[in-house]
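Hello, and thanks for taking a look at this one with me. Please have the model open while you go through the numbered points below.

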2 protein chains.
Amino acid sequence: MSDVASSWSALTAHLSEIRVLQGAAGVLAWDQQTCLPKEGAAFRGEQVALMSKLLHERGTDAGIEGWLSALEAGDLDAVQAAGVRNMRRDYDRQVRVPKDLVVALSKASSDGFGAWLEAKNNDDYGAFAPHLETLVDLSRQKARAIDPDGHPYDTLLQAFDPAATTEDLRVLFARLREGLVELIDAVRTVPAMPNVDTAFPVDAQMAMHAEVAAALGYDFDRGRIDSAEHPFTIGLCTDDVRITTHLYETNLIGGLGGTVHEAGHALYEQGLPHELKNTGIAAAASIGLHESQSRFWENYIGRSRPFFAWFHSVLERHFPGSGVSAEDLYRASNRVSPGLIRVTADEVTYNLHIIVRFELEVALMEGTLSVADLPAAWNDRYREYLGIDPPDDAQGVLQDVHWSGGSFGYFPSYTLGNLYAASLGATLEAELDGIWDQVAAGDFGQILGWLRDRIHRHGHMMDAPDRMREVVGDRDSVEDLLSYLWGRHGRLHGVSRPGR
Amino acid sequence: MSDVASSWSALTAHLSEIRVLQGAAGVLAWDQQTCLPKEGAAFRGEQVALMSKLLHERGTDAGIEGWLSALEAGDLDAVQAAGVRNMRRDYDRQVRVPKDLVVALSKASSDGFGAWLEAKNNDDYGAFAPHLETLVDLSRQKARAIDPDGHPYDTLLQAFDPAATTEDLRVLFARLREGLVELIDAVRTVPAMPNVDTAFPVDAQMAMHAEVAAALGYDFDRGRIDSAEHPFTIGLCTDDVRITTHLYETNLIGGLGGTVHEAGHALYEQGLPHELKNTGIAAAASIGLHESQSRFWENYIGRSRPFFAWFHSVLERHFPGSGVSAEDLYRASNRVSPGLIRVTADEVTYNLHIIVRFELEVALMEGTLSVADLPAAWNDRYREYLGIDPPDDAQGVLQDVHWSGGSFGYFPSYTLGNLYAASLGATLEAELDGIWDQVAAGDFGQILGWLRDRIHRHGHMMDAPDRMREVVGDRDSVEDLLSYLWGRHGRLHGVSRPGR
């Protein structure tokens, strides 16, 4: 065997064990949020910690450097080149962080989570601040360890979106913010959309949600749907991709949106190139691209009038005489109203919540904002961008779990997802005929086929921005998103985009 | 630290990792039988194989011999002595089997299972016979590797019931067989008990089953109940012990018996000494003793007239106007009727099914019976002991999964469990007052407390026969079982035990 062939063979065998261990760890994580008995939490913590340890040992195995170096010096085919690029990144990110720092971060995250939960319950930012100081400090150390010369926020961000840069996001997000504020100002002056708060027994809702997911193309032979407090999707492998949802008795639309969102993630996972499973390529190209798939289905398709025309017929089958019309559902699902809380925000204001967090994270990592000044900076931005005044820190700077676990750089992927989804939607509409008639008929096959062909089947051959360029050309995603949002919400609210 | 202290500390730390890995493997096994999507089976197979490999590596770690030797030469307290005895057995059983043989057995089991399934479906013993030849041969090799001088069946048996011997079982089982045949002959001449085949929707049954399990003392904060094709209980740790059951629309009693049986296993697991979790002691003393707990609840308590007096009130709450009386339930649950199939057998004839298998297994391992002659030997014994003639091998020698996986020596634990349960029941009745009134009132606390005190909390400090002797003295378990069975079934069928 050539050096390339033998190194590739050794590396993929090693990756196979990592993949299998990750699958097992995934089952533990899924079970923890869906099935675990109350008193089983401590033992599950031990199991999860052991799996992390075993994965870290394998991810930093001394053999990897040799295989990667040999491959990097050799003549690689396209799959090998992409796989080596991905594995090099993963390996460097793991091996460059000193073990002491890994341990310190793990402890700070664990302590931070508990402290955050209590601080949020007591609206006591001061109790969380020292933990956040530590987490910011350790995260900056980690970024420096991985790339001493890079921008620390670039380094953290790229754990989730490998080819994204702080500077690119700054430019995109500034333009988006401006456009969103304009749209929100316009709809603020007109009456809000009606609400739908009819009660539907949750037990009876589940079968309907499963039917919706199946109609979108989610394959129940390779997955299942369960209830969870915080909905999530987990892909153990393309053949075992599980979705969860939270059903609400009097918030049909909220629950439905969650299911469609998670089904979107799951369709991506089920569509990854299974045959490349040990190459580091059968994975999402980025968290942002993953989020584009969930947002595309949740918003672009799932909040459209044709979607509700179809969904209404499903609802009537499950709840005859529901007393809710398709138009009620459509209008209620498109309320726009600036609020305090990210996770319950509508699709327009949602991005402003993200932009606030992005700007603050960057400032924390650059050292231009102190942890002590964070609440005031938060409140200022909410006032400026959303026009609302957080009454306390519990509903303000303490609302999200992310920072308590040292997860800096994750938030932007939510809005990146919306930007990608908008350009995908515009391209799909330009390339395919009659998709809205298909949606109204509950026929999602052509749309899914298009996403499978353009996005899913490629896995992580290309980074997300490159893949997107292949699919949408040089479309302006900010303009696509604003144009889509004005198209739906402007029309619905009877307002027009200024100057168009 | 003394040599003992440092070796003990190292050994228990090592055991802790094994325990945590076993817990994770347990979650995978549970999920496989309750939640796994159809297409997820292949990946799960990879995960299970990896966990087995990791467990085998740790179970045969070179450090263990040193720690055990140091401890065996030292001055040990009671917990250490028992822990070292248990770990020595486990270690020797693992380390003495050559790796090639482990691999060959694993392959033969996997191939054997597939071949058995097909052979059973096609009623084609000939197609399974070569696989069984291999499994018998490899199992004998394994027994020889573990203990070159021992009886091969002793060695296999002791994987499940450490202190049991073939010779002891031969004597016990021969006496039991004789007594059972006498009882079956007596009830054969009187009309069978009535059947209960009222339909109860399975979805609505689950809440009732959960209530029954909770009433027995099963703690749902440390467990859960789910549906599974083949009911089982799995104890990941004392704080996460899960039961499963199979609900039948028109076989209320069959489903209920399964739940009570599994709850019995689970009560043992939830009652093990958690504080000794890394010592090799917080485990069942044997599979036979485990089975005694499930059988005690399923049969001794769960087929009694007072139990059905209470259960009937539960049934009426869940299914008002059920149309079934407590007496109907009691009588139907005590039908005695020799049949072909072990898993659906009544509690009297059940033991004969086991004795047939025990005698044949011993002969296969001793080399006095060939695989080719096995079906004829099977049919001869069914004719002799149960008075019935298997019409084909599918319902005869091919009915059970055990041998297809090379699991020889497991069957006796079912009847050992019934023997232990009978002596426990007789002792409990002698020591406690008014238990049947408590059962009729749905109050199982004193009974569970007694089992916790006498059996559960001791874990595997003593081997099962020694623990039993502590609890029941030198009672004759065969006589206890026969006396219990005659007491219930003789009375119910209006026949008396000859010569008494």
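1. The bend in α6(B) falls at B:His131 and comes to about 25°. Here a bend is the angle between two fitted axes, one through the seven residues ending at a position and one through the seven starting there. Please keep in mind that this is a predicted model, in which local features need pLDDT of at least 70, side-chain atom pairs count only at pLDDT 80 or more, and totals for chains, interfaces and linings use all residues. Residues are numbered from 1 along each chain as its sequence is written, chains are lettered from A and ligands numbered from 1 in the order in which they are written, and side-chain values use heavy atoms, with hydrogens and water left out.

2. Helix α6 of chain B covers residues 125-146, 22 residues in total. From first C-alpha to last it reaches 30 Å, close to the 32 Å expected at 1.5 Å a residue; that expectation is 1.5 Å times one less than the number of residues. Helices (H or I, at least four residues) and strands (E, at least two) are DSSP runs numbered from the N terminus.

3. Several residues of α6(B) are buried, including B:Tyr125, B:Phe128, B:Leu132, B:Leu135 and B:Ile146. Buried means under 20% relative accessible area, exposed over 50%, and partly exposed in between (1.4 Å probe, protein chains only). The buried residues of this helix pack against α4, α5, α7, α14 and α15 of chain B, with contact meaning heavy atoms within 4.5 Å.

4. A:Asp123 sits in the loop between α5 and α6 of chain A and has a positive phi of about 50° although it is not a glycine. B:Asp123 is in the loop between α5 and α6 of chain B, and its phi is near 50°. A:Asp123 is partly exposed at 35% relative accessible area, and B:Asp123 is partly exposed at 36%.

5. Two other residues of chain B are worth a visit. B:Ser292, in helix α11, is buried at 0% relative accessibility; leaving aside neighbours within four places in sequence, B:Ser292 is in contact with B:Gly417, B:Tyr420, B:Ala421 and B:Leu424. B:Glu46, in helix α2, is partly exposed at 29%. With the neighbours within four places in sequence set aside, B:Glu46 touches A:Ser16, A:Arg19, A:Val20 and A:Lys277.

6. How do the two chains relate?

7. Finally, the overall picture of chain A. This chain has 20 helices and three strands, and 55% of its 500 residues count as buried. Its C-alpha trace spans about 65 × 55 × 50 Å along the principal axes. Among contacts between residues at least 6 apart in sequence, 73% join residues at least 24 apart.
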